[in-house]
Amino acid sequence: MSEQVFEPKIVGFLCNWCSYRAADLAGSARITHAPNVRIVRVMCSGRVDPSFVMKAFSLGADAVLIAGCHPGECHYIEQNYKAMRRFHMLRQTLKAMGVEEQRIQLVWASAAEGQQLAEAIDKMVDEVRQLGPLGWSGNWEENGERIQALEDIVKEHEQAMEVTA
Amino acid sequence: MAEKIGVYVCHCGSNIAGKVDVEEIAQWAGENLDDVAVSRDYKFMCSSLGQQMIEDDIKKEKLTRVVVGACSPHLHEKTFRRACSNAGMNPYLMDLTNIREHCSWVHKDRSLATEKARALISAAVQRVKHQEPLEPMYVDVNPATLVIGGGIAGLQATLELADAGYHVYLVERLPSIGGHMAQFDKTFPTLDCSACILTPKMSEAGQHENVTLLTYAELEEVSGSVGSFKVKIRQKSRCVDYDACTGCGICVEKCPRKVLDTEFEAGMGNRKAIYMPFPQAVPRVPVIDQDSCIWFERQKCRACEKLCPTDAIKFDQEDELIDIEVGNIIIATGWKPFDSKKIPQYGYGRLANVYTSMEFERLCNAAGPTNGKIVMRDGKTVPKSIAIVHCVGSRDDRHNPYCSGICCMAALKFGHLVLEKTDAEVYSFYIDMRTNQKNYEEFYQRLLGEGMRFVRGKVSEVTDAARMPTEQGKLIVQCEDTLIGRQQRYPVDMVILMGALEPQEDARELGLKCGISCSMEGWYTERHPKLDPVATMTDGVFVAGTCQGPKDIPASVAQGAAAAARVAGMITKGKVMIEPIVASINEQACSGCKICNNMCPYNAIEFIEETETSRVITALCKGCGTCVAACPAGVITGAHFNNKQIFAEIEGALWDALQPAAESSSQAETVPASAS
Amino acid sequence: MSESAPTSGNGNGKAKGKLAIYWAASCGGCEISILGIDTKILDVAAAFDLVMCPCIADGKVRDIEKMADGEIDVCLFNGGIRTSEQEYMARLLRQKSKCLIAFGSCATEGCIPGLGNLHNRQEIFDNSYTSETHSTENPDNVRPQAVTEVPEGKLHLPIFYDTLKTLDQTVDVDYYLPGCPPESPRIWEAIEVLLSGNLPAKGATIGENTTVCDYCPRTRKNKKIKEFKRTWEVIPDDETCLLEQGLICAGLATRAGCGALCPQVNSPCIGCYGPNEGVEDYGARFLSALASVIDSEDPDEIDEIISKGIPDPIGTFYRFSLAGSLMRRGKRPAPAATSQ
């Protein structure tokens, strides 16, 4: 591997009422944590659409964090349970695609848990750093022989045309 | 049409600029991000000069979108929305991204913090392109208010509003208002007679022209939202005609069936099958306890009916559902005492002379079963020594981790009452003495002076197993005195367990009906623990008193008044703004699969049978977006958080992750053309 | 590419349009479905000259290559892009066609061949040429070679890609017609739209923008699922929504167009018509909806309900759409396989 330390890029979906405020609190309390999570605010963890996660991975995220209020403490009463169910379904699906479990994490953090959220972020960044880059964007690209093969077809057809012409 | 975006990166003095290279980011955004027309950095964006800068740019540069990189939207989203509004731009075309709390304040490395801030700005720029103008909605506020719970907090709220001229429906589950405070003898630290200060409020509420009292009634169902709630109340059958009854009490007097009163008397005394909980009850209309009434048991007796001078007894009376409409709801449902039997080593329920604090309240209450005489269970022996055990079920991970807040002071009050009325020795077994309100510490000092004994330690056991002659026939309190570091045994005659305050059993259920959430323990969650302690996350629903967390009477009263003030404010304003962040369904494309209908805890998604499609009732929608994420057909849109906006935000946040891939992407490479 | 309508020939002396139908990684079912429009095929023949359709008519690639750019009016392209030859043909037909239509599930979202994206070339070849399946007998371990030297010179075989791509991941596509295969009446409706000249916006899917449930006669009451059942585990009643009976029916996430054929015969929808209008990722949408109605709040129980009821999440949620999904494929062990 390269001598540079791998800094994973993580997209974090934080709910407006608990976890986003927890991150705010971590800020006001100056609780230092890893800078790898790029936060996207949603009203509720229940808003996190599995396709957001897919989108983030396909665009080059190395991991995705979903954070919400604790079960039973949801601002919207019980919507984080739906987030939890989707998270489990999504994680099993991603696993079948070969995405390691640590790359998709669900964390509960109340508005008062800046410290806990910061710790969860640090832990996650460490785990993903161990795993290395996901490298999904471009996961579907073919290697150079594809271009060669296409050139060959063009050449072959041109030659064939010359013969018949 | 391309947007013209203005990007504003705030220094926040050195709060952001100290860790993030704001000048460089502003320049970079201006040069590298598509559609960015203006990009500036400024010392304090939230200052009037900073806002003015945005307003001027919107006007001069004809900006169509604004991105501000500064602090948390919870702090200044409104500020910048207003600035945009002032300049004639729809406020929902602005995005504030948080590069302070989420970035400069929490990251050590300047270059990494700058990179993160850059990604956040990029995300906001991509997002804001897709934001749509939204118009806030306004609804009228019905001036009537529902107060749930007739304890001191609910009473206070009721009277404040009623006195201000607004109608209040006060719903109480028990036959009388008054709550726990009505059970107390004295209140700490002033030793006011509880009944003397409470009952005037009770009767005022009972007689107030603006108050509709609904006792022995429970909340059945709430629908609607702030400004116009529709509420169904179940008026339980009293078996007494409310209007005909004069409250003379003959029925109670003549009722032959005596039962143990586990409610008001906490099991220390009896009541009749037809009863008023206590003499000063409001309203003075008894109820028949159908579980113990002889008529309901074996169709005999009817003594009350025969003797009632106004024919008010109605055995066939049924529960009645009452529909009311209110603009706001104040929940003041209070607390329930911890079940001390859960800690068997303290012996409650097994050892006769172990009492709960509520039992002891009744025991020393002049209107209580012993007329205020402090005697043991045999009804005559005056105890010579009493142990008061603190933190029973509080500050205990096995039961409740929190401090119940009032028990230390209640224990001191008990100590005082015992010392005043008897010659007994009083021991207080405390972990920490918590006396941090006005005149509380002074009361503690007074009790130290009065000779109450204090032992610092958590009681491990209360037993009647004597080890030495002096312990014979006594209750022995085993405790480590942590100040001297020794296990000690204290033989006493009576033990009082200061049980925790716990949330009502059905707090969560009631919260669900009203659309508010509870903490893990079951206390209602306020909107903000410091700055918004009586509002909840559901507009138009407020909390007051101990249902929000353990607290003493002054705090409950203050909260009741505060909640009333908030409601009065809403009524005075007449209209309430609703954030236009709501879901909507494209009914044309909806196939009526019914995934979403179950998804909404506010029942905001109705199914229309004729068209077999679902529809969002905008007034009920709180905008969480869960249905948007659940809709398998993708036909629900969440305003201000729609898929396009969030996809764009993700794309922007990962602008640098995409770059290496773009180089090798098939779009960029030259593929040989076909033969021709 | 062109915004204008294909030249329509209606027998009024107007020149006939040129139609090409091509197949890449597909099964041929799309062609059968085209023939399923029955006598209307004569109307098609009246309107178009069929310049290419390897399945039903002779046609030479060379003739297409000789055409001017944009000479073909409409090309119905079915099949995903799995080999270099298919990619070549996609590019060629794109260049020569005014209007390129991704026809059928394979071309629009990869379909069953796209599930090969859970593996790479190496694994697929190992399975096809080496593994001991009943249909494999290959003692010499012969494998397709991209180039084979013979006395007459070099013979080329197309190279096989690690990843199957949809048509629009390869070339620019004008319209989409989903379905595995597209139902014949829908094909005719699409042809009518093309002939009318009243074209939808570029990139549109020609079809409905609601889902299969809209056409399903079953009654839907309340969606709460404690257990997902496999089809052989229950005999469903024919009144109630299959999903409400625990069967994983994809009708709610799948674009309408088939008339809810499967659920009407007690068989759950498997999602061949792909995502509804505006949905970016079929599988993500479907799994989100399904997960949302799991009747449990306990993470362990949820995990168990899912792993017991949905042992193959990709096959369940991405049966037709893996290649066209946001993730496109499973993770590859190595950057790319080196040789065939």
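Two residues are taken to be in contact if their C-beta atoms, placed from the backbone, lie within 7 Å. On this basis, in the predicted model described here, 52 residues of chain B are in contact with 50 residues of chain A. Several helices of chain B contribute to the side that touches chain A, with at least two residues supplied by each of helix H4 (100–104), helix H5 (110–130), helix H16 (626–630), helix H17 (643–653) and helix H18 (655–664) of chain B. The largest share of this side, seven residues, comes from H17(B). When the residues of chain B that touch chain A are sorted by class, 29 are nonpolar, 15 are polar and eight are charged.

Chain B also meets chain C, where 26 residues of chain C are in contact with 18 residues of chain B. On the side of chain C that touches chain B, helix H4 (84–96) and helix H10 (282–292) of chain C each supply at least two residues, and H10(C) gives the most, with five residues. The class composition of this side of chain C is nine nonpolar, nine polar and eight charged residues.

Turning to chain B as a whole, its C-alpha trace spans about 110 × 70 × 55 Å along its principal axes, and the chain has 18 helices and 34 strands. Of its 676 residues, 53% count as buried. Among the contacts in chain B between residues at least 6 apart in sequence, 70% join residues at least 24 apart.

The domain assignment divides chain B into domain 1 (5–134 + 645–660), domain 2 (145–332 + 538–573), domain 3 (336–502) and domain 4 (583–639). The C-alpha centres of domain 1 and domain 4 of chain B lie 33 Å apart. For chain C, the corresponding assignment gives domain 1 (17–113 + 167–196), domain 2 (124–159) and domain 3 (212–317), and a distance of 40 Å separates the C-alpha centres of domain 2 and domain 3 of chain C.

Two of the sheets of chain B may be described in turn. An open sheet of three strands, with antiparallel pairing, has the order E11-E12-E17 in chain B. Its edges are formed by strand E11 (217–225) and strand E17 (320–326) of chain B, each of which pairs on one side only, and the twist from one strand to the next averages 20°. Within this sheet, E11(B) pairs with strand E12 (residues 228–235) of chain B in the antiparallel sense over eight bridges, and the bridge partner of Glu218(B) in E12(B) is Arg234(B).

E24(B) is joined to strand E25 (residues 475–481) of chain B, which runs antiparallel to E24(B), by four bridges, and the bridge partner of Val459(B) in E25(B) is Cys479(B).

In chain A, strand E1 (residues 10–15) was examined in detail. Six of the six residues of E1(A) are buried, so this strand is largely enclosed by the rest of the structure. The burial extends to both faces of E1(A), with Ile10(A), Gly12(A) and Leu14(A) buried on one side and Val11(A), Phe13(A) and Cys15(A) buried on the other. E1(A) pairs with two strands in the parallel sense, as described next. Five bridges join E1(A) to strand E3 (residues 63–68) of chain A, and in E3(A) the bridge partner of Phe13(A) is Ile66(A). Six bridges join E1(A) to strand E2 (residues 37–42) of chain A, and in E2(A) the bridge partner of Val11(A) is Arg38(A). Together with helix H1 (residues 19–28) of chain A, E1(A) and E2(A) make a right-handed β-α-β unit.

Terms used:
Residues are numbered from 1 along each chain as its sequence is written. Chains are lettered from A and ligands numbered from 1 in the order in which they are written. This is a predicted model: local features need pLDDT of at least 70, side-chain atom pairs count only at pLDDT 80 or more; totals for chains, interfaces and linings use all residues. A residue is buried if 20 or more other C-beta atoms lie within 10 Å of its own, exposed if 12 or fewer, and partly exposed in between; C-beta atoms are placed from the backbone. Two strands pair if DSSP finds at least two bridges between them. A crossover is right-handed if, with the strands pointing away from the viewer, the path from the first strand over the helix to the second runs clockwise. Domain bounds come from an automatic or database domain assignment. Ala, Val, Leu, Ile, Met, Phe, Trp, Tyr, Cys and Pro count as nonpolar, Asp, Glu, Lys and Arg as charged, and the others, Gly among them, as polar. Axes are lines fitted to C-alpha atoms, for helices over the stretch in contact, and angles run from 0 to 180 degrees between N-to-C directions.
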